[in-house]
Amino acid sequence: MTRSRDRGALAIVLHTHMPYVEGFGTWPFGEEWLWEAIAGCYLPLLDLLDSRNPPVTLSLTPVLADQLSAPGLAERLDRFIDGTRRFTHAEDASGLRAGGHPGLADELERAWSSDYEHARERLAARGGDLLGAFAQHASWTSSATHAVLPLLATDAGVRLQVQTGIASHVDCFDDWHGGFWLPECAYAPYLESILAAAGVRGVCVEMTSRYGLGAREHLRPLRSESGVVLFGIDRSTISLVWSDGGYPADGAYRDYHRHTIHHHNPWRNDGGPYDNELALVRAREHAADFVTRTRERLRRDGDGLPGGGLAVCALDTELLGHWWYEGVTWLGAVIEECVRQGLELVRLDDALDRFEPAPLADGEEWEASSWGENGGLSTWSGPAVADMAFATRKAELETLAAATDGTAGSAAVRELLALQASDWAFMVSRGLAVPYARERFDGHRAALARALADGPDASEEGLRNLAAHADPSLLLAP
């Protein structure tokens, strides 16, 4: 009889990240993003993880941990829910009802009670400690502020991002087993010595442009010369969820893009009033389909691979519950379907010991890659954002020079980390909240210049809770 572990396994990797918006704006851009993610995604997901403890890999970026540990977070979220969302839902429901759309109004009233009031109750039940709630689940960390590491100018800059992020994770959770999410899955071979020296054991990489969509090579981890294991994310599996034609585009699901005046979403994708019960039924059907197709993928292409092959489905956590309103229900149903259909779920930390990686071929060339457009780095360095990429590298070199001279304090280093975040270029490239992204980028660039001019004693007041573990000496380490 064939053992289940010989038929391959699925690794669901949830990458949890939020740009540093705490204290930087409210509606329509800024802190509201964090409050919405907490209410619509993080709290429902934590309830699922706590109740079932599934073998799912969860990465939590240090920049998000910084915000979740900020003083007064629970009180500010409560004010947002009670003082903003209560009013906006009531206003929009009243307007829709007066306009002859009672079904849409009913949906807004349901959403207010189900989503926001419930979120406040769940946060209170956790004592307002979201970071502590993530402690037993968040096993992977990332760079300090989600920088695209291959675009940094120096090894010292990469080391600063990597080691600051790891130090933050260990301080928050007391433990770390070597799992490191490369922001945007951006990888280049020259990063490995820095990663290995920091204790990194495994990373996720995008290899579609290297081997082709659906190639069996995506189902076997690779071991680099440094010993770091490269888990290839499987685009064939991911695209069932995360693509233009993926599950979230189904007509029964809530339409994220169609808004009321106050940006609420009472419609479904096919244009009718949203029906939550119908949508949740569809989510369970899609979960069954997802597991069936993943089993077929492993059975077809995993033969002969040690352990039967590993399909890594990596998703942004915020897709579930926020962008895809029914996503957490889908995930819960996937966990159930894996048991029912006999598909093994495995954490990547366990896969490091379970699946024998294939060595990279001697002399095999590997260009910088990511899960961005065309598998390269152009999303963060192309014509639309080339000025940002060059300005960031210039700022890094200036900060390194100042650190060498002993004139760069922690304020300068923390502003450099904020400037290096991938989020600002991503938003500009994708046309998302462009004025806000430009404002944030220019603001951190100006603040860095001031900090360098003021020297080691420059004020850190404006940085609040960002990257408290940043240490200028990391720029000088050999």
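Cysteine 313 counts as buried, at 1% relative accessibility, where buried means under 20% relative accessible area, exposed over 50% and partly exposed in between (1.4 Å probe, protein chains only). This is a predicted model, in which local features need pLDDT of at least 70 and side-chain atom pairs count only at pLDDT 80 or more, while totals for chains, interfaces and linings use all residues. Residues are numbered from 1 along each chain as its sequence is written, and side-chain values use heavy atoms, with hydrogens and water left out.

A search of the whole structure finds zero disulfides, a disulfide being a pair of cysteine sulfur atoms within 2.5 Å. Cysteine 313 is in no disulfide, and its nearest cysteine sulfur, in cysteine 338, is 10 Å away. Cysteine 185 is likewise buried, with a relative accessible area of 0%; its sulfur lies 5.9 Å from the closest cysteine sulfur, that of cysteine 204, which is too far for a bond.

## Overall form

The protein has 17 helices and ten strands, taken as DSSP runs (helices H or I, at least four residues; strands E, at least two) and numbered from the N terminus. Its radius of gyration is 23 Å, which agrees with the value near 23 Å for a compact globule of 478 residues; the radius is taken over C-alpha atoms, and the globule rule is 2.2 Å times the number of residues to the power 0.38. Along the principal axes, the C-alpha trace spans about 70 × 60 × 45 Å.

Of the 478 residues, 56% count as buried. Among contacts (heavy atoms within 4.5 Å) between residues at least 6 apart in sequence, 78% join residues at least 24 apart.

## Helix α16 and its surroundings

Helix α16 covers residues 422-430, and its buried residues are Ser422, Asp423, Trp424, Ala425, Met427 and Val428. These buried residues pack against five helices, namely α1 (31-52), α13 (378-381), α14 (386-405), α15 (410-419) and α17 (434-454). After α16 comes glycine 431, whose phi is positive, near 70°.

## Serine 381

Serine 381 lies in helix α13, and with a relative accessible area of 28% this serine is partly exposed. Leaving aside neighbours within four places in sequence, serine 381 is in contact with Leu151, Ala386 and Ala389. The C-alpha atoms of serine 381 and valine 291, which are 90 residues apart along the chain, are separated by 36 Å.
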